[in-house]
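Subject: Structure for your review

Dear colleague,

Please find the structure below, together with its sequence. I would be grateful if you could read the notes that follow with the model open beside them.

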Amino acid sequence: MLLPVLFALGAALSNALATVLQRKAALTVPKSEGLRVGLILDLLRRPVWLVGIVAVITAGVCQAVALATGPITIVQPLFVLELPLALVIAAALLQGRLSRTGWLAVATVVVGLGVVLFAASPAGNRTQVPMTHWIPAVAVCVAAIAALVVAALRRPEGRGRAACFGLATAISYAMTAALMKTSMHTLDDGGVTAFFTTWQTYGFALFGVCALFFLENAMQSGPLVASQPALTLGDACVSLALGITVYAEYVRTGWWLVPQLLGAALIAAGVLALSRLPLARALASEEKEQPGEGTAAGAGTPAP
């Protein structure tokens, strides 16, 4: 299990780095109230933004390798580390700092994740999934996403709407990973031709695009404290369910559920605390309330 764990951690780290670098680049371009065609051209002239794009590509490659070599029930839960890693990196690159509360929240997430994975002890790595498994999984996930989007659109901007879009993003990310796993095995067994002729390849691309769209709406609909816990915990839980039902992966049950629930509670508490930090709000492009401990210095002015 060492290889998928290392590549999953590499993907989480690369995603976190990409988030910070793209945010840093965005601080150096002129602000606009609406859509501006020249924004991408401005960003293309920023080396830090280009490095962020390389980090995004690296994250995708690392995630693909992790899913191809290990259970989805191990790979996807490790992505809960993306937010803590992003804040640690942001504290260095955006000239901010994490308070003691922030470091305690980071430690809480890490400990909680360790408890969950140890107690669950995921196993199994099926490479071929029959359509009898895919049809109900895709149908349920699509129905859940549709219901969440409808619920979000019926709510005014605020925490409820952001949470609904956050959960829709989580389900989309989980389905992206599940389909990507099969596509990677197809690539390994049948080569490039087989990869581009299997429906799972286009399925994970579609769900991936939907995830990015829902994520943007979640960020615009309400505070990070509402969308981030729903996204982080939702992705891990749905991925766990897909790993068990679609890929027939195994996790320990019985009394082992007690430490698993305890670990999940620690993760939830840590993510909630992290998403309340001024540095997290600055990273998510939210308007800061008051400068204070943990706030990214220079978040409202061009970075050097």
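The notes below set out what was found, beginning with the chain as a whole.

This is a predicted model, in which local features need pLDDT of at least 70 and side-chain atom pairs count only at pLDDT 80 or more, while totals for chains, interfaces and linings use all residues. Residues are numbered from 1 along each chain as its sequence is written, and side-chain values use heavy atoms, with hydrogens and water left out.

Overall composition

The protein chain has 12 helices and zero strands. Helices (H or I, at least four residues) and strands (E, at least two) are DSSP runs, numbered from the N terminus. Of the 304 residues in the protein chain, 48% count as buried. Buried here means under 20% relative accessible area, exposed means over 50%, and partly exposed lies in between (1.4 Å probe, protein chains only). The protein chain exposes about 14,500 Å², of which carbon and sulfur atoms supply 70%; accessible areas come from the Shrake-Rupley method with a 1.4 Å probe, and for residues only the protein chains shown count as cover. Among contacts (heavy atoms within 4.5 Å) between residues at least 6 apart in sequence, 80% join residues at least 24 apart.

Helix 6 and its surroundings

Helix 6 covers residues 100-120, which is 21 residues. From its first C-alpha to its last it reaches 30 Å, close to the 30 Å expected at 1.5 Å a residue; the expected span is 1.5 Å times one less than the number of residues. The buried residues of helix 6 are Gly102, Ala105, Val106, Thr108, Val109, Gly112, Leu113, Val116, Ala119 and Ala120. An α-helix has 3.6 residues a turn, so residues three or four places apart point the same way. The buried residues of helix 6 pack against helix 5 (82-93) and helix 11. Just after helix 6, Ser121 takes a positive phi of about 45°.

Gln260 is buried, with a relative accessible area of 13%. Leaving aside neighbours within four places in sequence, Gln260 is in contact with Val116, Ala119, Ala120 and Arg252.Trp103 also lies in helix 6 and is partly exposed, with a relative accessible area of 46%. Beyond neighbours within four places in sequence, Trp103 is in contact with Val88 and Leu98. The side chain of Trp103 reaches the backbone oxygen of Leu98 at 3.5 Å. This is a polar contact, that is, a pair of N or O atoms within 3.5 Å; within protein, one must be able to donate a hydrogen and the other to accept it, and residues adjacent in sequence count only if both atoms are side-chain atoms. The C-alpha atoms of Trp103 and Leu87, 16 residues apart along the chain, are separated by 9.7 Å.

In helix 5, Ala86 is buried, with a relative accessible area of 5%. The C-alpha atom of Ala86 is separated by 4.3 Å from that of Ala16, 70 residues apart along the chain. Leaving aside neighbours within four places in sequence, Ala86 is in contact with Ala16, Val20 and Leu283.

Aromatic pairs

A search of the whole structure finds six aromatic pairs. Rings of Phe, Tyr and Trp (its six-membered ring) pair if their centres lie within 6.5 Å; planes under 30 degrees apart count as stacked, over 60 as edge-to-face and the rest as tilted. One of the pairs is formed by Phe118 and Trp256, edge-to-face at 6.0 Å centre to centre with 70° between the planes. This pair links distant parts of the chain, with Phe118 in helix 6 and Trp256 in the loop between helix 10 (224-245) and helix 11, 138 residues apart. Phe118 is exposed, with a relative accessible area of 59%, whereas Trp256 counts as buried at 18%.

Trp134 and Trp199 form another edge-to-face pair, 5.7 Å centre to centre with 85° between the planes. Trp134 lies in helix 7 (residues 131-153) and Trp199 in helix 9 (residues 199-221), so the pair ties together parts that are 65 residues apart in sequence. Trp134 counts as buried at 0% relative accessibility, and Trp199 as partly exposed at 35%. Phe118, Trp255 and Trp256 form one aromatic cluster.

Cysteines

The count comes to zero disulfides, a disulfide being a pair of cysteine sulfur atoms within 2.5 Å. Cys164 is buried, with a relative accessible area of 11%, and Cys210 is partly exposed, with 26%.

With kind regards
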